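Thank you all for making the time this morning. I would like to take you through one model, and I will keep to its packing and its rings.

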Amino acid sequence: MTGQSNLTTGWIVTVIVALIAIFTLKACEDSRTQTVTWIEYEPVYMSAEEFRNSVGTETSKDLKRPGKIYFYEGYLLVNELNKGIHVIDNSNPENPIPVTFINIPASKDMAVRNGMLYADSHKDLLVFDFSNPENPHLLHRLEDIFSVTANMAPGFTTQQVNSEQGIVVDWEPKIREEVCEGDCHTHPAAGFPGFGFRTADAATFMSSESGGGTTGTGGSMARFTITGEHLYAVDHYDLFTFSLTSEKPVLEERKQVGWAIETIFPYRENLFIGSASPMYIYDLKSNPSSPTQLSVYWHANACDPVVVEGDFAFVTLRDGELCPRGVNRLEVIDVADLNHPEKVKFYEMINPHGLGINNGKLFVSEGKHGLKVMDASDPKNIRLLKHITGIETYDVIPFNDVLMVTGADGIVQYDYSDLNDLKELSYIPVYRD
Amino acid sequence: MTDSTLFKQILLSLITALFIFSDLAAQDVVNGNNSPGYSNRTGIDMVAGSNFTTPRFYMVNGYRFHPQFATGIGVGITPYNNPLILMPLYFDAQIALIDRRVRPVIQISAGRNISINTSDDPSISGHRGGRFFSPAAGIEFTGENRAGVTVTAGYSFDSAQYRRSGFGPQTFETDLTYRRVVFGVALLF
């Protein structure tokens with residue numbers, strides 16, 4: 001009798017379980033929820049009056065968002081992105097001393113020649129008397145020069161620049177999020193190509209001393225360079241040529257180069273211009289006031305600073321926020337025949353940014369992945385000597401055995417007289433709010 | 001008729017048939033082979049959904065504490081390939097409601113999924129498995145030396161997430177939840 005009771009109980013329980021199972025079938029639907037997150041940039045406005053009046057020298061400040069760097073006669077200039085320029089006495093690289101800060105709203109690039117500092121400020125080109133680097137002062141303002149990039153966001157935005165609200169002096173990244181049932185196809189950032197927007201990156205070039213003047217050394221992602229008696233600057237599409245024979249620069253030519261122009265690098269009597277897709281080579285010899293295009297070297301879509309030494313150009317291509325789906329590599333291009341540049345080799349990298357070369361010593365910023373020190377004395381057989389990790393880098397200047405490295409973490413300097421024994425000389429940290 | 005309703009009817013019919021059969025068959029002799037000791041259940045479930053059906057292969061190794069109760073640790077593989085394969089790692093309990101050679105059983109499995117990306121899409125930058133839960137009921141047919149066969153029907157809940165980078169500073173996080181009907185057969189050792 002007990003056995004029969006157990007059987008009945010078992011039967012009842014199984015039916016209950018079956019009913020529960022059937023009940024849960026109401027929820028028998030797969031679901032797919034997608035959350036898309038993107039960064040949208042919002043313009044930061046400043047009134048025209050404040051924009052003009054805010055240019056000036058202030059006491060030295062902490063680094064917060066270091067951008068491009070420039071070295072001139074013992075002084076290290078560090079761009080504080082869209083804020084101005086830190087002037088640092090670097091006569092002793094083991095003990096760099098901040099001396100002043102030049103407040104320049106919406107500034108990203110700079111170059112120095114013969115005690116004159118040239119810097120951009122939104123659409124304008126500013127000229128400072130830099131004969132006393134501890135007390136520079138504004139001499140001239142050339143208005144409405146860089147009209148294309150000035151109002152470009154450094155990334156995706158839906159915000160239209162409203163000139164009635166003032167001048168755009170910065171862009172603030174805002175995190176946006178949208179949750180979709182299924183896939184998000186129509187969010188505002190869908191299809192944002194990334195290309196076509198300038199970068200805030202920096203890189204390195206070795207500028208020359210010529211024309212009887214003294215110029216500094218900047219980076220391969222710089223958009224300003226001085227060679228001879230001319231300042232060359234690139235905008236999103238254009239190459240600007242300024243004559244520096246007088247105190248106030250004279251715009252001699254504005255020439256369309258291509259699209260998504262990023263960097264400019266002078267070597268001998270040529271300009272190497274990097275863009276999101278090709279590298280352009282221009283000749284200065286025939287007429288420095290009107291550079292002539294010699295050739296175009298096409299590479300994969302990627303952010304691409306370039307430096308040149310001897311018969312070889314070194315281009316880093318990287319995948320990035322503004323160069324999505326790009327490649328990450330170092331390409332070596334034979335430019336012995338400037339009319340027919342030819343790729344001879346490439347080396348896989350992690351996420352290369354700015355680079356610098358000095359007598360076959362090649363330094364490549366790897367972004368968040370540190371710094372690579374390479375022996376490029378044989379460009380067809382470049383050897384990695386050292387990979388420094390733990391620092392974020394995007395720009396380097398190798399100069400007189402002192403390697404100046406900038407990145408989100410600050411400025412680090414190394415003695416590279418012995419590549420096998422790189423010694424850290426100093427570190428200027430970044431202080432964030 | 002929707003797929004969900006069809007599944008419901010199939011399941012209802014199957015479970016009813018199985019339990020009626022089990023009630024009759026359960027009047028068979030008392031089972032004497034499920035003595036305490038190591039137990040293994042290896043099987044395949046058909047994980048059926050409105051979009052597609054995928055098999056799940058699994059194995060539970062454990063211990064039978066009582067002729068009507070066994071627990072174990074299970075591991076399986078569910079190739080959803082959408083774009084993840086999920087590998088559930090779970091705790092499993094099996095309860096026989098009566099002690100007969102042919103008897104109704106309830107199984108409960110709960111744990112976490114380990115995810116494996118099967119896509120060659122380079123934009124997929126990360127993924128992780130989520131919860132796994134699967135109750136089922138069915139009939140167990142046991143023979144000599146603890147060997148047997150279990151036929152079950154039940155419910156399966158799987159979740160996982162993967163992250164994909166889009167153009168520029170965009171990321172897409174996709175939460176996948178599979179709520180499915182499962183029909184399974186397993187061998188007992």
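What follows goes from the cores to the aromatic pairs.

This is a predicted model, in which local features need pLDDT of at least 70 and side-chain atom pairs count only at pLDDT 80 or more, while totals for chains, interfaces and linings use all residues. Side-chain values use heavy atoms, with hydrogens and water left out, and residues are numbered from 1 along each chain as its sequence is written.

The largest nonpolar core has 31 residues, and A:Leu125 is among those with the most contacts inside it; such a core is a set of buried Ala, Val, Leu, Ile, Met, Phe, Trp, Tyr and Cys residues joined through side-chain atoms within 4.5 Å, where buried means under 20% relative accessible area with a 1.4 Å probe, protein chains only. Apart from this core lies another, of 27 residues, which includes A:Tyr267 and A:Met349.

Turning to the rings, the structure holds 12 aromatic pairs over all chains, a pair being rings of Phe, Tyr or Trp (its six-membered ring) with centres within 6.5 Å, stacked if the planes are under 30 degrees apart, edge-to-face if over 60, and tilted otherwise. The rings of A:Phe146 and A:Phe224 have centres 5.6 Å apart and planes at 40°, so this pair is tilted, and both residues are buried. In chain B, the rings of B:Tyr80 and B:Tyr178 lie with centres 3.7 Å apart and planes at 0°, so that pair is stacked. B:Tyr80 is buried, at a relative accessible area of 4%, and B:Tyr178 is buried with a value of 4%.

Definitions and conventions. Chains are lettered from A and ligands numbered from 1 in the order in which they are written. Buried means under 20% relative accessible area, exposed over 50%, partly exposed in between (1.4 Å probe, protein chains only).
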